[in-house]
Amino acid sequence: MRPVTLESARVRLDVPTRADAAAITDACQDPEIVRWTTVPTPYREQDARTFVDALVGPGWASDREYTWAIRRSGSNWLEGVISYRTAGRDLGFWLAPSARGTGLMRDAVDLVVGWAFEAGAPDVYWECYEGNTASARVARATGFSYTGLGEARIPARDGAPTTAWTALRRADGSPASAIPWPIA
């Protein structure tokens with residue numbers, strides 16, 4: 001698939017490029033991103049270039065994973081990344097510390113999930129490592145139904161299994177579960 005740009009009044013999602021390497025590298029120094037993702041640590045600019053060259057472009061070309069840069073409307077600075085993987089119809093994301101609390105991630109999730117539904121996905125799956133309350137709040141605020149605690153699809157950085165909070169958002173809007181969220 002050819003990359004697509006998605007936009008709202010607050011956010012623009014487009015393809016990350018090598019020009020974003022400095023912003024990606026800077027954001028991936030954040031202890032919270034390191035804690036809740038599998039980014040290499042320490043994270044170097046070469047890691048950002050490899051991410052763009054080996055994951056982003058090939059992901060779009062193979063229809064395996066669609067990855068967008070999260071940017072504020074009117075800005076070219078990358079504030080975060082959001083990806084949709086087609087095999088599991090699942091979503092992953094991170095946001096730089098300077099952009100947290102601005103609503104950018106909620107807008108980005110709504111845009112990507114809406115786009116997936118328009119493309120025919122019956123639902124979108126989300127998970128985060130158990131305890132990642134910031135990610136869970138975004139999923140809850142964007143209409144995902146908490147479906148429980150289980151083994152994470154993406155293992156820990158060292159490859160070991162880990163537990164995840166899981167949720168689902170259905171295209172028809174019906175709740176996927178009545179299980180209460182483990183967060184306020």
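**Aromatic contacts in a predicted model**

Trp115 is buried, with a relative accessible area of 13%.

**Tyr66 and Trp115**
- The ring centres of Tyr66 and Trp115 are 5.2 Å apart with the planes at 90 degrees, and since over 60 degrees counts as edge-to-face, that's what this pair is.
- Tyr66 belongs to strand β3 (residues 65-72) and Trp115 to helix α4 (residues 104-118), so the pair ties together parts that sit 49 residues apart in sequence.
- Tyr66 is buried too, at a relative accessible area of 6%.

**Tyr146 and Trp181**
- Tyr146 and Trp181 make a tilted aromatic pair, with 5.3 Å from centre to centre and 40 degrees between the planes.
- This pair also links distant parts of the chain: Tyr146 is in strand β7 (residues 145-151), while Trp181 is in the segment after β8 (163-170), and the two are 35 residues apart.
- Tyr146 is buried, with a relative accessible area of 7%, and Trp181 is buried as well, at 15%.

**A cluster of rings**
- Ring pairs join Trp60, Tyr66, Trp68, Tyr84 and Trp115 into a cluster.
- Two members of that cluster, Tyr66 and Trp115, are the edge-to-face partners described above.

**A charge over a ring**
- Arg153 has its charged end over the ring of Tyr125, 3.6 Å from the ring centre.

How values were computed: Residues numbered from 1 in each chain as written. Predicted model: local features only at pLDDT ≥ 70, side-chain atom pairs only at ≥ 80, totals over all residues. Heavy atoms only, no water. Phe/Tyr/Trp six-rings, centres within 6.5 Å; stacked < 30°, edge-to-face > 60°. Helix = DSSP H or I, 4+ residues; strand = E, 2+ residues; numbered from the N terminus. Buried < 20%, exposed > 50% of the residue type's maximum accessible area, 1.4 Å probe, protein only. Lys NZ or Arg CZ within 6 Å of the ring centre and 35° of its normal.
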